[in-house]
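Visitor: Could you walk me through this structure, feature by feature?

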Amino acid sequence: MTPLGEIVSTARRRLSWLVRDRFPNRKVVRDVQGVRLVLPWSHRLPDYAGPGSPYGQNLVELAHALAEAAPPLTVLDVGANVGDSALQILNATDGRVLCVEADTFYLDFLHRNVDADDRITVVESLLAVDDAAAATTAVRTGGTTRFVKGEDPDAMPSIAPGALRAAQPDFSELRLVKSDTDGYDVALVPAVAEAWADSRPVLFFEYDPYLTRIAGYDPLSVWPRLEELGYREAAVWNHAGLPVGRMTTAELAERSPELDDFPAKRPGSRSYWDVALAHEDDDRARGVLDRLVPRAQTR
């Protein structure tokens, strides 16, 4: 596409968002990367995940490869939203998914999309650690939710990772953890890894320093915590789902300031990473990461 074409396409998309955001409760049905979803009209997923787009397919490819390497596949989906990740994973491979979602608005869509699939279990809770449980007011933007402290709580009751494991014996063994919680991932992912330490699940999460600071956490704090738990090397993709390369936790800490390089008044133009880490003692999972993102691709 020419530069002019990109400008026109972006303008049309943003105009569409302005119109759709005025009707956030309107339900639509969309086919997204192989699965049919009921969505709020304002949801951005169909815009990002059009035909041929790699958006979100890194997670699907990772889950499929893990299922082939060491079945059965059991997945914890933290911040399940409308169920798109769970359904795309199960469209690509067999397994079971535990979806955790706290936003009452998206829980309606989640149930509409996944309740017919008995391989999916939904937990209506806010997975939380420390004082994050006090952040119960939803801030919704274009299909995502982050929770803040406020006077109008609309989140479901909170649950700690250890309590979640105890309450869900069918998921006492986990193969893959996916977390997308708009900034809280740096606290939640290590806590989940610790709660399921004997399973040594592969960890996949969104790393967004901008949203992490808004949530009240130090973005760099996650890397030494994961290293202490035996997670020392990662595969990394950019926000569009394209490989960035392989990095150690030390390299991730060193390079994460790259994600702060955006105009101060245009946070919407920032980038973020999708990060997948395999435990140092999990040779099969490390082999999967080697295949998905070879070390030679690092840039």
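**Reading the fold**

Guide: The protein has 11 helices and 14 strands; helices (H or I, at least four residues) and strands (E, at least two) are DSSP runs, numbered from the N terminus. This is a predicted model, where local features need pLDDT of at least 70, side-chain atom pairs count only at pLDDT 80 or more, and totals for chains, interfaces and linings use all residues. Residues are numbered from 1 along each chain as its sequence is written, and side-chain values use heavy atoms, leaving out hydrogens and water.

Visitor: What percentage of the 299 residues count as buried?

Guide: Buried means under 20% relative accessible area, exposed over 50%, and partly exposed in between (1.4 Å probe, protein chains only). Here, 52% of the 299 residues are buried.

Visitor: Which residues have the most contacts inside the largest nonpolar core?

Guide: A nonpolar core is a set of buried Ala, Val, Leu, Ile, Met, Phe, Trp, Tyr and Cys residues joined through side-chain atoms within 4.5 Å. The largest has 43 residues, and Leu62, Leu66, Ile120 and Leu176 have the most contacts inside it. Apart from that core lies another of 39 residues, including Val177 and Trp273.

Visitor: What does Leu176 touch, beyond its neighbours within four places in sequence?

Guide: Contact means heavy atoms within 4.5 Å. Among the contacts of Leu176 are Leu59, Leu62, Val75 and Phe204.

Visitor: Which residues of α3 meet α4?

Guide: Gln57, Leu59, Val60, Ala63 and His64 in α3 meet Ser85, Gln88, Ile89 and Ala92 in α4.
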